[in-house]
Amino acid sequence: MKNFINVGLLGAGTVGGGVIKVLEKNAADIEKKVGKPIRITKVLDRNVEKRRAEYGDQYIFTNNIDDILNDPDIDIVVELLGREHPAKEYIVAAFEKGKNVVTANKDVIAHYGEGIYSLAEQKGLDFMFEASVCGGIPIIEPLKTSMAGNQIHSVMGIVNGTTNYMLSKMSNEHLDYDEVLKEAQAKGYAESDPTADVGGLDAARKVVILASIAFNTRISLKDVLVEGIENIEACDIKYAQNLGYAVKLLGIAKNDPENGITVCVKPTMLPLTHPLAGVNGVYNAVFVNGDAIGEAMFLGMGAGRLPTASSVVGDIIEIARDIQSGSTGRISCTCFKEKKLCPPEKMSAPAYIRLQVLDQPGALAAIAAAFGAQNVSLRNVIQQNAAKGQKAEIVVITHSVSESNLQMALQILKVLPVVEKVSCVIRVEDSSLA
Ligand code: NDP
Ligand code: HSE
């Protein structure tokens with residue numbers, strides 16, 4: 001019997017450094033919880049000298065992955081390098097060498113999760129990735145364990161901190177998109193290339209992981225309809241507020257037993273009374289609806305050194321307990337159901353549409369007719385006239401409309417002579433409009 005649970009850490013950057021700190025600071029209590037001390041023995045990083053100066057020489061730093069993979073004493077490999085490659089290859093190699101794996105890498109899980117899981121299962125090893133969705137918020141384990149007795153109807157979340165920070169700023173300070181993006185970059189929330197965040201891809205990777213676990217079926221990125229926040233203007237947020245809504249970039253996964261599963265990422269108007277509407281700044285939150293639990297919300301920091309390390313260390317502790325009790329591989333892949341996706345014509349929700357139009361007789365009638373022809377029923381219509389000239393802005397809120405009917409109505413609107421531009425379309429999550 002070994003006296004320690006030994007960890008090989010890949011990457012001592014933001015999160016890896018946090019993991020070192022948390023394991024050092026709370027070592028005594030963690031040992032009592034597990035029944036054995038957990039220690040990091042070897043650390044892979046590119047800049048070995050820099051990391052040694054930062055964390056001291058009680059750790060063996062290396063830039064050769066084989067030093068960790070071929071060390072028979074290492075029980076758990078913790079992958080915190082980021083990017084798909086070579087992270088995925090290192091994870092696979094760690095399983096081949098009989099080591100349990102923790103990762104925070106959503107890119108690897110979203111793309112290669114299925115194959116990696118099969119390998120872990122085949123080897124009877126643990127594979128845990130709590131930090132890959134919403135950093136510090138426990139959501140993957142609760143779905144797999146505490147809520148395992150439920151049929152999950154829906155999982156809806158603010159899963160990207162950068163865009164939530166931007167939309168909150170636009171909402172509270174009435175600033176424009178470009179202005180808040182610059183500020184988010186200056187504060188280090190948004191990356192110099194913010195495309196994955198503002199375009200919704202970062203959220204899509206996370207919602208793929210959540211939907212697969214919640215609905216016990218393998219959802220992939222190509223199943224997700226993705227829309228970012230690039231077309232949202234300060235005025236859309238103002239209109240939303242006046243109508244009693246907040247605008248949030250939501251990852252939404254719904255499982256309708258009749259029609260199938262819908263997974264999307266899109267800017268969404270939520271009633272101000274909805275618990276997610278009050279989640280602001282860089283906070284993330286996931287709102288779950290299950291047949292037994294009812295509604296539950298998980299809220300916290302979706303990123304950051306220590307919050308993310310909290311999830312990684314939680315995974316390490318769970319694996320250490322499984323090692324202690326000889327039960328690694330206990331919770332294997334939970335995707336055992338065949339995938340049934342909802343066809344677009346069956347997806348429906350109310351919509352907010354903002355149009356630039358010519359202010360002339362018959363304009364409103366032509367617009368109403370375009371909607372009516374596609375069976376789109378209107379609930380609110382607001383018209384703001386420009387101070388000068390013959391232009392007006394029209395905002396429409398529809399009753400629930402199928403995705404295909406909405407798209408057809410938008411195509412017709414775009415070619416109407418009175419419509420200059422369809423400026424913005426936002427779906428509305430409001431059961432009172434159904
Ligand atoms: P960092 O870039 O801060 O850290 C990664 C570290 O790994 C760096 O020191 C990097 O060195 C090193 N590294 C990368 N590739 C290699 C390689 N091939 N060989 C050796 N060393 C390598 O990333 P984070 O800590 O921010 O992120 C780690 C993971 O956690 C990512 O998957 C990320 O998505 C995930 N995550 C991060 C969150 C956060 O708040 N930061 C939140 C949730 C998840 P160098 O800098 O020299 O490249
Ligand atoms: N870029 C992500 C966000 C954090 O803004 O939430 C890492 O997942």
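Let's start with the ligand: 18 residues surround ligand 1, and the closest are Val15, Asp45, Arg46, Arg51 and Gly304. Here a residue counts as near if one of its heavy atoms lies within 4 Å of the molecule. This is a predicted model, where local features need pLDDT of at least 70, side-chain atom pairs count only at pLDDT 80 or more, and totals for chains, interfaces and linings use all residues. Residues are numbered from 1 along each chain as its sequence is written, chains are lettered from A and ligands numbered from 1 in the order in which they are written, and side-chain values use heavy atoms, with hydrogens and water left out.

By class, the shell around ligand 1 holds seven nonpolar, seven polar and four charged residues. In this scheme Asp, Glu, Lys and Arg are charged, Ala, Val, Leu, Ile, Met, Phe, Trp, Tyr, Cys and Pro are nonpolar, and the others, Gly among them, are polar.

| Residue | Distance to an oxygen atom of ligand 1 |
|---|---|
| Aspartate 45 | 2.8 Å |
| Arginine 46 | 2.9 Å |
| Arginine 51 | 2.8 Å |

Taken alone, ligand 1 exposes 890 Å², and the protein buries 73% of that. Such areas come from the Shrake-Rupley method with a 1.4 Å probe.

Now look at another spot. Valine 376 sits in the loop between helix H14 (363–373) and strand S15 (378–385); helices (H or I, at least four residues) and strands (E, at least two) are DSSP runs, numbered from the N terminus. Is valine 376 buried or exposed? Valine 376 counts as buried because its relative accessibility is 5%, and buried means under 20% relative accessible area (1.4 Å probe, protein chains only), while exposed means over 50%.

Definitions and conventions:
A polar contact is a pair of N or O atoms within 3.5 Å; within protein, one must be able to donate a hydrogen and the other to accept it, and residues adjacent in sequence count only if both atoms are side-chain atoms.
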